[in-house]
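The sequence and structure are shown first, and the account follows.

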Amino acid sequence: MDEFTRERIARAMRQATRIVVLTGAGISTSAGIKDFRGKDGMYEIVRKRYNLPSPEAIFEINFFMRQPEPFYEMVRSMFAMEAEPTLSHRFLAWLEEQGKMSLLVTQNIDMLHHKAGSKAVLECHGTLRTASCLTCGRSFEFAEIRAAVLAGGIPRCECQGLIKPDIVFFGESLPAEFYTVHLSPPDADLLLLMGTSLNVQPAAGFALNLAATTESILVNRDPTPYDAMVTHVVNMDLDRFCQDIWEEMEKTPS
Ligand code: CNA
C-alpha cells in the first residue's frame with residue numbers, strides 16, 4: 001500500500017465513529033484456517049479426497065445427511081489446530097474498544113472475533129459453539145461433542161439422530177438478527193470489507209448495498225468481481241494492512 005493510500009485510509013478510520021465491518025475466511029488464514037475458494041482452500045482439498053459432486057456439497061443439508069464425513073473432517077481440522085486470533089482480529093477488537101465500531105458482521109464460524117475480544121459481533125453463518133440433533137432437535141454445547149469429533153467420529157444424539165453444528169448450510173435461513181440489519185442497515189460512516197470474495201449471498205448483498213451509500217474499503221488478497229462497487233480496493237495481506245493502519249492511527253490519535 002502506498003503512503004498516500006495508507007494515510008487516507010487511516011484518516012478515514014480516525015474520523016469514523018460508526019464503522020460497519022464484514023469479514024470472511026481471509027481474516028483467519030494467517031491463523032492456519034484455510035479459506036474456501038482461495039488457492040489450496042478447503043474446497044479443493046475436500047473435493048479431491050471425497051470426490052464430491054461439487055465442493056459446496058459439504059454444506060448442503062441433503063448431502064450432509066447422507067455423508068457427514070467431509071463436513072466433520074473440515075470441522076476437525078479447524079478445531080485440532082486450536083487457532084488463535086490474528087493481528088487483524090485484534091485490530092477490530094481494538095477499533096471497537098476505541099468506540100469506533102457500530103457492527104461487525106462475520107461470515108466465519110471459527111469464533112476468533114470473540115476470542116480476540118470483539119463484542120458487537122453478528123455471526124451471520126451461525127457458529128460451531130452449539131449444535132443440534134437433526135432428529136429430535138436437542139441442543140448441545142460444542143464442548144459435549146468435541147471429543148467425538150476430534151477422535152474422528154460422527155456425533156450422534158441419544159435418539160441416534162445426526163448432530164449438526166448450528167452453522168448455516170446452503171438453503172438454510174440466516175439468523176433473524178441478520179435479516180433485521182439487512183432490511184434496516186445501521187447508520188454507518190465507513191464500511192470495511194475484509195478477506196471475503198463477496199461470493200456468498202445474502203451477506204455480500206448486505207455489504208454491497210451499504211457500499212452504495214457509504215465510503216467503503218475492501219481489503220483482500222485477490223480481486224473480486226465487485227471491486228468496482230467499493231470506494232477503495234486494497235489487494236494485500238490483511239495482517240500487513242491492519243498493522244500499517246494501526247501504526248498510522250496510533251501515530252496521530254483522534
Ligand atoms: P472465500 O470465498 O474463501 O474468500 C476468502 C477471500 O479471502 C479470498 O478472496 C482470498 O483472496 C482472501 N484472503 C485469503 N487470505 C487472505 C489474507 N491473508 N489476506 C487478505 N485476503 C485473504 O470466503 P468468504 O468468507 O468470502 O466466503 C464466505 C464463506 C466462507 C462463509 O460461509 C464462511 O463461513 C466460510 N468459511 C469460513 C471459515 C472460517 O470460519 N474461518 C473458513 C473457510 C470458509
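A residue is called exposed when its relative accessible area is over 50%, and buried when that value is under 20%. The model discussed here is predicted.

Helix 7 covers residues 142-150, and F142, I145 and V149 within helix 7 are buried. Viewed down the axis of helix 7, these buried residues fall within an arc of 80°, so they line one face of the helix. An α-helix has 3.6 residues a turn, so residues three or four places apart point the same way. A143 and A147 are exposed, on the other side of helix 7.

What do the buried residues of helix 7 pack against? Their partners are helix 4 (69-80), strand 4 (126-133), strand 5 (139-141) and strand 6 (163-167). After helix 7 comes G152, which has a positive phi, near 95°.

## Helix 4 against helix 7

Two packed helices are described by the angle between their axes and the distance between the axes. For helix 4 and helix 7, the axes come within 10 Å and cross at roughly 105°. Angles of 65 to 115 degrees count as roughly perpendicular, and helix 4 and helix 7 are therefore roughly perpendicular to each other.

Helix 4 contributes Y72, V75, R76, F79 and A80 to the contact, while helix 7 contributes F142, I145, R146, V149 and L150. By class, the residues of this contact comprise eight nonpolar, no polar and two charged.

## Helix 8 against helix 9

Helix 8 (residues 176-183) packs with helix 9 (residues 203-211) at an angle of about 25°, and their axes are 10 Å apart. That angle makes helix 8 roughly parallel to helix 9. The crossing of helix 8 past helix 9 is left-handed.

Which residues meet where helix 8 contacts helix 9? From helix 8 come F178, V181 and H182, and from helix 9 come A203, G205, F206 and N209. The contact of helix 8 with helix 9 has four nonpolar residues, three polar residues and no charged residues.

## A loop residue and its contacts

E84 is located in the loop that lies between helix 4 and helix 5 (87-97). Apart from neighbours within four places in sequence, E84 is in contact with A31, L112 and K115.

How values were computed
Residues numbered from 1 in each chain as written. Predicted model: local features only at pLDDT ≥ 70, side-chain atom pairs only at ≥ 80, totals over all residues. Heavy atoms only, no water. Axes fitted to C-alpha atoms, helices over the stretch in contact; angles between N-to-C directions. Helix = DSSP H or I, 4+ residues; strand = E, 2+ residues; numbered from the N terminus. Parallel < 35°, antiparallel > 145°, perpendicular 65-115°, else oblique. Left-handed = near helix turned anticlockwise from the far one by under 90°. Contact = heavy atoms within 4.5 Å. Nonpolar A, V, L, I, M, F, W, Y, C, P; charged D, E, K, R; others polar. Buried < 20%, exposed > 50% of the residue type's maximum accessible area, 1.4 Å probe, protein only. Arc of directions from axis to C-beta.
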